[in-house]
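Dear colleague,

The findings follow directly after it.

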Amino acid sequence: MQKQSRIETVLILQGGGSLGAYECGVFKTLAKHDIKFDVVAGTSIGAVNAAVIAGTKNNDPANDLENFWLTLAERTTPSFLPDNMRAIWASAYSAIWGNPNAFTPKWTMLTPDYFLPHTWPYFYDITPLKNSLNEYVDFTKLGDPNTPRLIVTSTDVQKGEPVTFDSKHGKIDADHVLASAGYPFYGISWTRLDGRYLWDGSLLSNTPLREVIDASPACDKKVYIVNLFPRIHQELPENLFEAWHRARDIMHTDKTEHNVRMSKAFSRHLELMKQMHDVIMHFLDTKQVDKTMKEKIMKIEPEYHRLATQRGAIIKEIIRIERNEESHFLFEDADFSLATIKQLIKQGEEDARVALAKKRT
């Protein structure tokens with residue numbers, strides 16, 4: 001079995017609203033360490049970040065991504081407020097007034113159904129986010145061999161199936177990224193694209209590692225995963241809001257261990273197939289197999305080579321950078337205040353630095 005030896009370096013970015021600023025900080029540190037990515041994949045706000053990284057207009061993705069987040073930050077919430085109070089204030093402000101560079105409340109737009117809110121399928125329109133993406137992303141670069149491959153995921157509203165967009169196999173523009181970011185539980189609109197209605201990819205998977213393996217199944221991988229939602233939280237919730245917060249974290253946290261185990265198991269199976277194939281070919285060469293059996297073996301030979309050369313990627317290494325919390329607020333991912341955005345970027349930078357230092361030791 002001739003297996004490709006090239007190892008792809010992959011960055012996986014989760015969805016998580018304003019928590020995506022943490023991913024910006026992580027990427028800044030990875031860029032400072034001159035870590036280059038062959039593939040950048042994301043869902044929801046992770047897809048937005050991935051698009052800015054892959055389609056950087058100024059060939060400086062770390063700086064472009066930080067400027068993008070500073071553009072999204074709102075400057076009305078007082079920065080002197082404690083973290084919990086600032087999160088409550090900022091998320092309430094976003095819920096009522098929206099964010100001029102990300103989403104607009106439907107009640108601020110005069111539409112034919114304005115006085116029929118019970119018929120609205122969404123509360124927030126994300127056309128402003130499309131405008132922001134076009135300002136920071138050169139979508140014509142996507143698909144260029146010198147540009148990281150961009151993979152973004154969404155969910156078909158009607159079929160309940162995953163939909164993946166891959167810059168290697170088709171055009172990706174701002175609408176494809178928006179199709180990954182319509183989170184219905186926060187009242188964000190779906191995107192109609194190519195005859196399909198698409199919602200946030202996190203409804204099916206918030207860590208699109210499986211989609212990356214399916215898109216590039218022959219190359220081994222070194223994977224960096226940014227986990228926005230803490231996996232472990234020792235304290236039990238003390239009220240219903242804390243219970244919802246913890247449940248949200250569990251639903252969206254990184255769950256890729258099964259993918260890693262399956263990747264290793266499949267690779268072992270292929271190696272066993274190779275050994276069996278070599279033994280069979282040896283007997284064919286020594287002419288110890290009758291004509292009928294030889295014909296049967298040769299008939300399945302193409303299928304063997306298809307599996308051997310097109311599947312079997314091994315995840316060689318996973319580096320996880322995980323955000324931790326000192327305080328817990330259910331709508332922390334709707335806090336776009338400038339102070340919080342800067343705080344998240346700084347936290348991501350530091351956590352990535354620590355993770356890379358541990359990796360070296």
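In this predicted model, Asp249 and Arg248 form a salt bridge in which the closest N and O atoms are 3.2 Å apart. Both partners lie under the 20% limit for burial: Asp249 has a relative accessible area of 2% and is therefore buried, and Arg248, at 7% relative accessibility, counts as buried as well.

Arg248 also forms a salt bridge with Glu332, and here the closest N and O atoms are 2.7 Å apart. This second pair links distant parts of the chain, since Arg248 belongs to helix α8 (residues 240–252) and Glu332 to the loop between β10 and α11, 84 residues apart. Glu332 is buried, as is Arg248. Through shared partners, salt bridges join Arg248, Asp249, Arg323, Glu325, Glu332 and Asp333 into one network.

The structure holds 20 salt bridges. Another of them brings together the side chains of Lys316 and Asp220, at 4.0 Å from N to O. Lys316 lies in strand β10 (residues 315–322) and Asp220 in strand β9 (residues 220–227), so this pair ties together parts that are 96 residues apart in sequence. Asp220 has a relative accessibility of 7%, and therefore counts as buried.

Helix α8 also holds His252. Is His252 buried or exposed? With a relative accessible area of 9%, His252 is buried. When neighbours within four places in sequence are left aside, the residues in contact with His252 are Gln14, Tyr183, Ser202, Asn206 and Phe229.

As to the chain overall, the protein has 11 helices and 10 strands. The C-alpha trace spans about 80 × 55 × 45 Å along its principal axes. The chain has 361 residues, of which 49% count as buried. Among contacts with a separation of 6 or more, 75% are accounted for by residues 24 or more positions apart.

I turn next to the helix packing. Two packed helices are described by the angle between their axes and the distance between the axes. For α1 and α11, the angle is about 45° and the axes are 6 Å apart. The crossing of α1 and α11 is right-handed. On the α1 side, the residues that meet α11 are Ala21, Tyr22, Cys24, Gly25, Val26, Lys28, Thr29, Leu30 and Lys32. Their counterparts in α11 are Ile341, Leu344, Ile345, Gln347, Gly348, Glu349, Asp351, Ala352, Arg353 and Leu356.

Helix α1 also packs with α2: the axes of these two helices come within 9 Å and cross at roughly 35°. The crossing of α1 and α2 is right-handed. Gly20, Glu23 and Phe27 are the α1 residues in this packing, and they meet Ile45, Gly46, Asn49 and Ile53 in α2.

The residues of α3 that are buried are Ala62, Asp64, Leu65, Glu66, Phe68, Trp69 and Leu72. Helix α3 itself (residues 61–72) has 12 residues and reaches 16 Å from its first C-alpha to its last, close to the 16 Å expected at 1.5 Å a residue.

Finally, Ile172 is placed in the loop between β6 (162–166) and α6 (174–178). The relative accessible area of Ile172 is 2%, so this residue is buried. Apart from neighbours within four places in sequence, Ile172 is in contact with Phe139, Leu142, Leu150, Phe165, Asp166, Ser167 and Val177. Ile172 and Ala51 are 121 residues apart in sequence, and their C-alpha atoms are 9.2 Å apart in space.

With kind regards

Notes: Residues are numbered from 1 along each chain as its sequence is written. This is a predicted model: local features need pLDDT of at least 70, side-chain atom pairs count only at pLDDT 80 or more; totals for chains, interfaces and linings use all residues. Side-chain values use heavy atoms; hydrogens and water are left out. Helices (H or I, at least four residues) and strands (E, at least two) are DSSP runs, numbered from the N terminus. The expected span of a helix is 1.5 Å times one less than its number of residues. Buried means under 20% relative accessible area, exposed over 50%, partly exposed in between (1.4 Å probe, protein chains only). Axes are lines fitted to C-alpha atoms, for helices over the stretch in contact, and angles run from 0 to 180 degrees between N-to-C directions. A crossing is left-handed if the near helix is turned anticlockwise from the far one by less than a right angle, and right-handed if clockwise. Contact means heavy atoms within 4.5 Å.
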